[in-house]
Amino acid sequence: MADRTPDESGIVPFLRSGPPPDRTRIEGWQQWRERRNAFIPAPRLSAEEYTATSPRRKALHDLHRTATHVNMGLLETPISVRVTKLMRGRLRNNALNFEPGTRDGLMISGGGYLGKTETACDAAATFEMLWRDLHRQLLPGPVPGTRDLFVPVAYCRTPVRATPKGLCAAILDFYGAPLPKTLNGMIRAVRDSLRDHQTTALLLDFTDCG
């Protein structure tokens with residue numbers, strides 16, 4: 001039977017170079033969106049297969065299993081399926097609504113560690129992939145050496161009791177935009193950033209900081 005553990009001389013497949021992506025910045029969100037399904041879980045080995053491997057391969061396999069457990073993918077539940085379906089429909093409807101005025105939002109609430117953030121981010125990332133593909137018909141690609149201004153999704157994390165200034169600052173930080181000194185200036189800067197980057201979906205993740 002073929003040995004399915006990491007090769008003795010190959011690159012360990014589960015190691016990551018550099019820090020994890022920061023989804024609260026444009027570059028980090030794009031990095032996460034493009035690589036979110038790239039992790040390969042550890043293979044399942046029988047007791048006989050595990051025993052037959054060398055000590056080094058045992059150690060690598062154990063590390064790969066640990067990485068698999070701490071990087072477990074999003075598991076679908078009946079609730080997450082309903083939330084994903086509702087959110088994707090809301091995103092499509094808002095994206096295709098060209099009339100002026102407000103758009104329908106969506107609030108996802110619940111206890112901690114239930115997968116709210118990952119469910120919402122995954123639905124938004126899937127929408128962004130579709131929206132970017134469609135907009136390639138209308139918009140030219142980014143010029144090498146310059147920043148891509150087309151940002152369909154913005155993800156921001158703020159405390160539950162965030163002030164208006166704090167909320168504006170989190171949104172502007174995502175775009176890497178300068179922070180005006182006054183609240184009115186920050187509100188205008190947020191409006192301009194959303195418009196200039198053609199952002200369709202703004203995700204506000206309110207976290208309980210104790």
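## Second largest pocket

The second largest pocket holds about 1200 Å³ of space. A pocket here is an open set of points on a 1 Å grid over the protein atoms alone, where a 1.4 Å probe fits, with protein on both sides within 12 Å along at least five of seven lines. Its volume is the space filled by probe spheres set on the points, which are joined across faces, edges and corners. This is a predicted model in which local features need pLDDT of at least 70 and side-chain atom pairs count only at pLDDT 80 or more, while totals for chains, interfaces and linings use all residues. Residues are numbered from 1 along each chain as its sequence is written, and side-chain values use heavy atoms, with hydrogens and water left out.

The lining of this pocket (residues with an atom within 4 Å of a point) consists of 28 residues, and W32, R35, R36, F39 and N71 lie nearest the centre. At least two lining residues each come from α1 (26–35), α3 (55–70) and α5. Helices (H or I, at least four residues) and strands (E, at least two) are DSSP runs, numbered from the N terminus. By class, the lining has 13 nonpolar, eight polar and seven charged residues. Ala, Val, Leu, Ile, Met, Phe, Trp, Tyr, Cys and Pro count as nonpolar, Asp, Glu, Lys and Arg as charged, and the others, Gly among them, as polar.

## Largest pocket

The largest pocket has a volume of about 1500 Å³. Of its 43 lining residues, L106, A201, L202, L203 and L204 lie nearest the centre. Two or more lining residues are given by each of α4 (78–95), α5 (116–135) and β2 (201–207). The largest share, seven residues, belongs to β2. The lining divides into 22 nonpolar, 15 polar and six charged residues.

## Surroundings of V83

V83 is part of helix α4. Leaving aside residues up to four places away in sequence, V83 touches I108 and T119; contact means heavy atoms within 4.5 Å. V83 and A120 are 37 residues apart in sequence, and their C-alpha atoms are 8.0 Å apart in space.

## Helices α6 and α7

The axes of α6 (residues 164–175) and α7 (residues 183–196) come within 9 Å and cross at roughly 35 degrees. These axes are lines fitted to C-alpha atoms over the stretch in contact, and angles run from 0 to 180 degrees between N-to-C directions. The crossing is left-handed, meaning that the near helix is turned anticlockwise from the far one by less than a right angle.

Residues making the contact include C168, I171 and L172 of α6 and M186, I187 and V190 of α7. The contact residues comprise twelve nonpolar, one polar and one charged.
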